[in-house]
Structures are given as C-alpha cells and as structure tokens.
Amino acid sequence: SAGNFAQGVAWIAKEKAIGVLQFPLVKLKHCVDDPSVSIYLKFENLQPIASFKLRAAGNSLLKRFEDNPDDIPDRVWTASAGNFAQGVAWIAKEKAIGCSVVVPDHAPDAKIDAILSIYAETQIIKVTFDVWWSIITDHVYAERDDLGVFLHPVCSYDVQAGNATIGLEIFDDIPNIDTIIVPYGGGALSVGIASAALHINPSCNVYASEVETAAALKAALENNEPTNIEYTPSWVDGIGSGCVLDEMWPLASELLEGSLVTSLKEIADAVKLLLFQNKVLAEGAGASSVAAAIKYGSDGSLGKNIVCIISGGGLNQDVLLDILQQ
C-alpha cells in the first residue's frame, strides 16, 4: 500500500502529459433519508476515454518506457472488457506502437467501437468469457504468442498506483470524507484508491460496489477466501467475475471495508438518476456506486460525506433506451 501511494504521488506530475483530467467532486442531486448526509460524485466517466482507465494504462505503459528506455516494445496487448483497452490504445497510438486487445464475447459494441475510434489499427480478438478470464488469472494467452508485451489490467502495482491518484484528488477537494464507494471489477481501482485514502485518513472506509449477478468479492469476504460463484453476464459488464483474483485477495481483504451489493434494477435507477438529475451518463459499473450509496448510506450509516466513483460512461444506446423505458 505504501509503495502504491508513493508511486501514485509521483504519477501526478505525468497526468497532464497524457490528458488525464481532474474534476471536482459534485453533489448528487437526490433526496436522502438523513438530510445531513451528502453524496458526492467523482466523474471519471468524463475522462477523454470515458473512464478512469487512462490513469491505470498510462502509468503502466509509460512506467515501462521509463524503466526500459532501450527496450521499447513494438507491440503491446491486454485483456479487457473495454475500458482498460481504451487506455492502452490511447498510449499505444501516442507512442506509435502496435496494439491488440482480447475481449470477452459479451463486451458491448460501444466499448469496442470506442477502442477503434481511439486507435483504428488496434487488433480486436473476441474470445469466450472463460478464455478471457483464464488470461486474467494466468497472464498468458496460449493461442497466441505474437502479440507483444502483455499489460495486465489489474494485477500490477503500476496500474494500482495510477488509480491511486483518484484518492489523492478526493481528499484535495474534501478532507473529511467518511466513505468512498468504488465499483469492483478486478480490484485494481478500489485497492488503488484505498491505498491512498487510508494513508491520508485511516478512519475513512472504502467499500466495493457489486452487482448481485456477479458479486464475487461479497462471497470471498463471507468465506474469508476467494470463492467460485455463478457468474451471470449482464449489461453491467464492467464489474463482477466468477471469483476474486488470488493476487488481489490479500490487498482487497485488508484495504476494503466490505462489499455493497445492488440489483440490476437499482443500478438502472441510478443510471436514470444521474442522467436526469446530474446530467451525466454512467455505464452500469459506474452507476453501481451510486446505487449502493442510496441503498446503504441514505440513513447516515456510512457517514455524513460519501463519495461515489463514477468509473465509466460506456453504455450501449440500446441498453440506455431499455433503461429509460423501464
């Protein structure tokens, strides 16, 4: 954690060089049960690639260039449902190197189109979720050995350090934050933010937000070990898995206070709330933190000042129309 925090501080100086933007915390326009409770929004969905992943991918790839200036790869690749891939594509284009992305076959078209809009030369490789998840767990794609240098989207201190900068920015805005709620996919975002937040304010609680169809962290915390669950793909595609990664479990179990689980309907309601009240579009994963804050924190049980990380904004048009018609 201390190492992540130190790297995160060093990374601040590089953010503007790759286009990372710092947005102030904005209050959620919503009535809560306890009027003394304030729910704030951290808009990572407004980054140039519509998610926080520019921080993670940028730090991971640029750090490699710094550490190995005489060994710049010709190609890089990653396994990503879309957001981290956009960050890798952004940096790969800036550095004029090749880029490949292995995506699960349920990845939304909006995110794949976004990758190609950033770097049209990116090679997209679709695989089943099981194959994709095996790459995440094993750090290798057995079918291909010609893709270049692999950039893991989660299990990398450089990725986590890039994410930790969000925690620094939160406390720059409001020092007395009680709770931060972070969408939990692989864990790098929540662990990175928690490493910075707890360093600054050890009394702050950092929670994961999960969807009930893929709440692997909740199961792991209940059983005190990574636990296989039934994973059900849904339109909330940026979070959830069948099991917490073994490499992330020690950090997640130490740094995170718990997991706040919500339903698909509750997340859909949060998407509508953000769109109509705060005039921003969040994908399902990003809206899950708001759904959790409303469900578990409106009565003050999570403290007076709550921050929700709106992690991304890549929502398919058809999905959005379905949500609006509910």
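Strands are DSSP runs of E, at least two residues long, numbered from the N terminus. The legends below refer to a predicted model.

**Figure 1. Isoleucine 181 in strand β7.** Strand β7 covers residues 179-183, and isoleucine 181 belongs to it. The relative accessible area of isoleucine 181 is 0%, so the residue is buried. Leaving aside residues up to four places away in sequence, isoleucine 181 touches Tyr207, Ser209, Leu260, Ser289, Ala292, Ala293, Leu302, Ile306, Val307, Cys308 and Ile309. Leucine 46 lies 135 residues from isoleucine 181 in sequence, and their C-alpha atoms are 18 Å apart in space.

**Figure 2. Asparagine 163 in helix α7.** Helix α7 is made of residues 157-173, with asparagine 163 among them. Asparagine 163 has a relative accessibility of 1%; buried means under 20%, and therefore this residue counts as buried. A polar atom of the asparagine 163 side chain lies 3.2 Å from the backbone oxygen of alanine 188. Ala188 is also one of the residues that asparagine 163 touches, the others being Phe52, Ala56, Leu189, Gly192 and Ile193, when residues up to four places away in sequence are not counted.

**Figure 3. Lining of the largest pocket.** The volume of the largest pocket is about 150 Å³. Its lining consists of Ser60, Lys63, Arg64, Asp67, Val149, Phe150, Leu151, His152, Ser156 and Asp158. Two elements, α3 (53-67) and β6 (149-150), each supply at least two of the lining residues. The most comes from α3, which gives four residues. By residue class, the lining of the largest pocket holds four charged, three polar and three nonpolar residues.

**Figure 4. Histidine 139 in the loop between α6 and β6.** The phi angle of histidine 139 is near 65 degrees, a positive value in a residue other than glycine.

**Figure 5. Lysine 279 in the loop between α11 and α12.** Helix α11 covers residues 264-277 and helix α12 covers residues 284-297, with lysine 279 in the loop between them. Lysine 279 is not a glycine, yet its phi is positive, at about 60 degrees. The relative accessibility of lysine 279 is 62%; exposed means over 50%, so lysine 279 counts as exposed.

**Figure 6. The whole chain, as context for the close-up views.** The chain contains 13 helices and 10 strands. Of its 326 residues, 61% count as buried. The C-alpha trace spans about 55 × 40 × 40 Å along its principal axes. A compact globule of 326 residues would have a radius of gyration near 20 Å, and the 18 Å of the chain agrees with that. Among contacts between residues at least 6 apart in sequence, 74% join residues at least 24 apart.

Terms used. Residues are numbered from 1 along each chain as its sequence is written. This is a predicted model: local features need pLDDT of at least 70, side-chain atom pairs count only at pLDDT 80 or more; totals for chains, interfaces and linings use all residues. Side-chain values use heavy atoms; hydrogens and water are left out. Buried means under 20% relative accessible area, exposed over 50%, partly exposed in between (1.4 Å probe, protein chains only). A polar contact is a pair of N or O atoms within 3.5 Å; within protein, one must be able to donate a hydrogen and the other to accept it, and residues adjacent in sequence count only if both atoms are side-chain atoms. Contact means heavy atoms within 4.5 Å. On a 1 Å grid over the protein atoms alone, a cavity is a set of points where a 1.4 Å probe fits but cannot get out, and a pocket is an open set with protein on both sides within 12 Å along at least five of seven lines; lining residues have an atom within 4 Å of a point. Grid points are joined across faces, edges and corners, and a volume is the space filled by probe spheres set on the points. Ala, Val, Leu, Ile, Met, Phe, Trp, Tyr, Cys and Pro count as nonpolar, Asp, Glu, Lys and Arg as charged, and the others, Gly among them, as polar. The radius of gyration is taken over C-alpha atoms; the globule rule is 2.2 Å times the number of residues to the power 0.38.
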